[in-house]
Amino acid sequence: MKVYTKTGDKGTTALFGGDRVPKHHIRIESYGTVDELNSHIGLIRDQDINPFYKRTLERVQDRLFTLGAILATPPEKEILKNGKQRLNIPKISEADIELLENEIDGMEAALPPMTHFILPGGHTTVSYCHIARCVCRRAERLSVHLDEIEPVDPLVLAYLNRLSDYLFVLARKLSHDLKADEVKWIPEKL
């Protein structure tokens, strides 16, 4: 399989099912941003962090590939003519969301309670988590926008929402593990 096909040279791309849409289509923006998020998570995984977090992030990356495939499939193309699902892969499930929630709860149990907003930074690895969190929020916003036009699996939206929470708590936990300063945002007084 060649990397280049030349089919997108005029600014369109194919979705699963064969439909061609402009490369700026909200569906493309949605799954393209999920792809960007996946790359940022790979950057976090490449850091010198606890192997447990690396395994969790690898699972997240797997789920993001699935999520991207779901977003790349228009609702009317989900079912093939023979009645089978187009995507022959496990979908996003409640268990995927529960995994993130359990990880969040476990990390938060080891952290002091938050009393203020936190400024991103303190350590490069922590900053990578905050960048990934922001990209995740953008992917969520784009997917919600897409859902207003064509239905998106509600578990996809829930997963992205929970993943941004996970990335925020992971940033806090890594600050703690790396003994990095967590800078509280305290607004200036007028």
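## Burial and overall layout

Of the 190 residues in the protein, 39% are buried, where buried means under 20% relative accessible area, exposed means over 50% and partly exposed lies in between, with a 1.4 Å probe and protein chains only. This is a predicted model, in which local features need pLDDT of at least 70 and side-chain atom pairs count only at pLDDT 80 or more, while totals for chains, interfaces and linings use all residues. Residues are numbered from 1 along each chain as its sequence is written, and side-chain values use heavy atoms, with hydrogens and water left out.

The protein has five helices and four strands, taken as DSSP runs numbered from the N terminus (helices: H or I, at least four residues; strands: E, at least two). Reading from the N terminus, the order of elements is β-β-α-α-α-β-α-α-β. The C-alpha trace spans about 55 × 35 × 35 Å along its principal axes. Among contacts with a separation of 6 or more, 73% join residues 24 or more positions apart; a contact here means heavy atoms within 4.5 Å.

## Helix H4 and its two partners

Let's turn to the helix pairs. Helix H1 (residues 26–45) and helix H4 (residues 124–149) have axes that come within 9 Å and cross at roughly 160 degrees. Axes are lines fitted to C-alpha atoms, for helices over the stretch in contact, and the angles run from 0 to 180 degrees between N-to-C directions. H1 and H4 are therefore roughly antiparallel to each other (angles under 35 degrees count as roughly parallel, over 145 as roughly antiparallel, 65 to 115 as roughly perpendicular and the rest as oblique). The contact of H1 with H4 involves 16 nonpolar, five polar and four charged residues. For these classes, Ala, Val, Leu, Ile, Met, Phe, Trp, Tyr, Cys and Pro count as nonpolar, Asp, Glu, Lys and Arg as charged, and the others, Gly among them, as polar.

H4 also pairs with H5 (residues 154–177). Their axes come within 9 Å and cross at roughly 170 degrees, so H4 and H5 are roughly antiparallel to each other. The contact of H4 with H5 has 14 nonpolar, six polar and five charged residues.

Threonine 125 is found in helix H4 and is buried, with a relative accessible area of 3%. Setting aside residues up to four places away in sequence, threonine 125 touches Gln47, Ile49, Leu174 and Leu178. Arginine 137 also belongs to helix H4, but arginine 137 is partly exposed at 28% relative accessibility. Beyond its neighbours within four places in sequence, arginine 137 is in contact with Asn161, Ser164 and Asp165. Arginine 137 and histidine 40 lie 97 residues apart in sequence and 13 Å apart in space, C-alpha to C-alpha.

On helix H5 we find lysine 173, a residue that counts as buried at 12% relative accessibility. Apart from neighbours within four places in sequence, lysine 173 is in contact with Tyr53, Met107, Ala110 and Leu111.

## Cysteines

The structure holds zero disulfides, a disulfide being a pair of cysteine sulfur atoms within 2.5 Å. For cysteine 129, the closest cysteine sulfur is in cysteine 134, 11 Å away and too far for a bond. Cysteine 136 also has its closest cysteine sulfur in cysteine 134, at 9.8 Å, which is too far for a bond. Cysteine 129 is buried at 0% relative accessibility, and cysteine 136 is buried at 0% too.
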